[in-house]
Structure formats: C-alpha cells, structure tokens
Amino acid sequence: MKKKALVSACILGEYCRYDGKTKKINAVIEALGDEYEIIPFCPEAPLFGTPRERINVVEKEGKLRIITDETNVDVTLRLEEEIERFLEKNPAFDRIVLKSKSPSCGYKTTPILNESKEQISLGNGIASTMIAKKFQEIVLESELDFI
Ligand code: SF4
C-alpha cells in the first residue's frame with residue numbers, strides 16, 4: 001500500500017484559489033507522484049465557493065481569527081469545522097505539503113494582520129495550525145521546499 005501525502009489542492013493544479021486561479025507546482029507532483037497516494041486538501045473552496053472573497057488572519061484581542069477581507073465576517077469557526085471534518089475522514093498521513101502564505105494552508109509564512117489590516121508578523125494559517133498540532137511527528141513542508 002502506498003504512503004499517503006496531504007497536499008494543498010491548488011498546488012496540485014485545482015482551480016480553487018480565492019481568485020479562481022491555481023498555483024500548480026509540477027515539482028511537488030513529480031516528487032510525490034510515484035511513491036505517495038496524494039490526498040488533495042482545500043478547506044476554503046467547499047465552504048465559500050470559487051472565486052470568493054479573500055480572507056485574512058487577523059489578531060483580535062490577542063487571538064488569531066480568520067476574517068473576510070471586505071465584509072469583515074469572522075469565518076474562523078466554519079473553517080475549523082471543515083478542517084476537523086477532513087481530518088476525521090483522513091486520520092493518517094506520512095507527508096504533508098501545504099501552500100505557503102495562505103490564511104488557511106500557510107505555515108510560518110502567512111501574514112498576520114492587525115485590525116487595521118497592517119501586517120504585524122508572519123505565522124500560520126488556520127489549517128496548518130490544526131494540522132501541525134495533530135501530526136506533530138511530521139515536518140510540514142510547503143511548495144517552497146520543492147522549487
Ligand atoms: S492555499 Fe489552501 S485553502 Fe487556499 S486555495 Fe490552496 S488549498 Fe485552498
């Protein structure tokens with residue numbers, strides 16, 4: 001049986017980004033292709049559709065929340081539930097590759113904003129935070145590790 005890799009769907013060529021585009025990275029697909037069964041992951045598209053309003057990680061009263069860019073709706077809980085559902089269905093992985101800089105998938109590379117939408121640091125998206133906590137034995141990678 002093949003090992004399993006969780007990979008952000010936009011890296012795999014799915015047109016699931018907020019702007020309706022993809023971020024296909026052939027180097028990731030080629031590196032994992034033969035050895036791994038690749039499980040695509042995108043928590044935003046099933047919830048909000050594509051294209052959709054951009055979301056941001058915003059520090060609010062000391063906590064990180066996921067807030068829509070123009071309408072200022074807090075979608076943190078909805079995303080948490082979607083990611084939880086995915087992880088319940090897919091409880092085991094051998095490798096994890098997540099898209100950098102994303103408010104969902106980015107790991108240590110995602111802009112963290114204050115309530116005035118100014119960048120105050122770099123950190124994690126909501127999915128990478130939950131995934132890192134669940135799979136502490138796996139070193140999270142991004143497409144940047146392949147190019
Ligand atoms: S970065 Fe993650 S949430 Fe954003 S489009 Fe890619 S897979 Fe979906």
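**Exercise 1. A residue in a strand**

In which strand is N56 found? Work out also whether N56 is buried or exposed, and how far its C-alpha atom is from that of L122.

*Solution.* Keep in mind throughout that this is a predicted model.

Step 1: Find the element. N56 sits in strand β3, which covers residues 55-60.

Step 2: Judge the accessibility. The relative accessible area of N56 is 11%. Buried means under 20%, so N56 counts as buried.

Step 3: Look across the chain. N56 and L122 are 66 residues apart along the chain, and their C-alpha atoms are separated by 12 Å.

**Exercise 2. The nonpolar core**

Find which residues touch the most other members of the largest nonpolar core, and which element gives the most to this core.

*Solution.* Step 1: Start with the members. The largest nonpolar core has 25 residues, and F41, I96 and I131 are the ones that touch the most other members.

Step 1: List the contributing elements. Two or more residues come from each of β2 (36-41), β3 (55-60), α3, β5 (95-98) and α4 (126-134).

Step 2: Pick the top contributor. With five residues, α4 gives the most to this core.

**Exercise 3. Salt bridges along and across the chain**

How many salt bridges does the structure hold? Take three of these pairs and describe where the partners lie.

*Solution.* Step 1: Recall the idea. Side chains of opposite charge can pair when their charged atoms come close.

Step 1: Count. The structure holds eight salt bridges.

Step 2: Take K117 and D69. Their closest N and O atoms are 4.0 Å apart. K117 lies in the loop between β6 (110-113) and β7 (119-123), while D69 lies in the loop between β4 (63-68) and α3, so this pair ties together parts that are 48 residues apart in sequence.

Step 3: Take E143 and K99. This salt bridge has its closest N and O atoms 3.3 Å apart. E143 is in the segment after β8 (141-142) and K99 is in the loop between β5 and β6, so the pair ties together parts that are 44 residues apart in sequence. Are these two partners buried or exposed? E143 is buried, with a relative accessible area of 4%, and K99 counts as buried at 10%.

Step 4: Take R85 and E82. Their side chains meet in a salt bridge with an N to O distance of 2.8 Å. Both residues lie in helix α3, three residues apart, which is about one turn of the helix. R85 is partly exposed at 44% relative accessibility, whereas E82 is buried at 16%.

**Exercise 4. Backbone details in the loops**

Which peptide bond is cis? Next, describe the phi angles of K101 and K117, and say where these residues are found.

*Solution.* Step 1: Look at omega. The peptide bond from T50 to P51 is cis, with omega near -5°. P51 lies in the loop between α2 (44-48) and β3.

Step 1: Look at K101. Although K101 is not a glycine, it has a positive phi of about 70°. K101 is found in the loop between β5 and β6. With a relative accessible area of 53%, K101 is exposed.

Step 2: K117 has a positive phi of about 65°, and it is not a glycine either. Its place is the loop between β6 and β7. K117 is partly exposed, at a relative accessible area of 40%.

Definitions and conventions
Residues numbered from 1 in each chain as written. Predicted model: local features only at pLDDT ≥ 70, side-chain atom pairs only at ≥ 80, totals over all residues. Heavy atoms only, no water. Core = buried A, V, L, I, M, F, W, Y, C linked by side-chain atoms within 4.5 Å. Buried < 20%, exposed > 50% of the residue type's maximum accessible area, 1.4 Å probe, protein only. Helix = DSSP H or I, 4+ residues; strand = E, 2+ residues; numbered from the N terminus.
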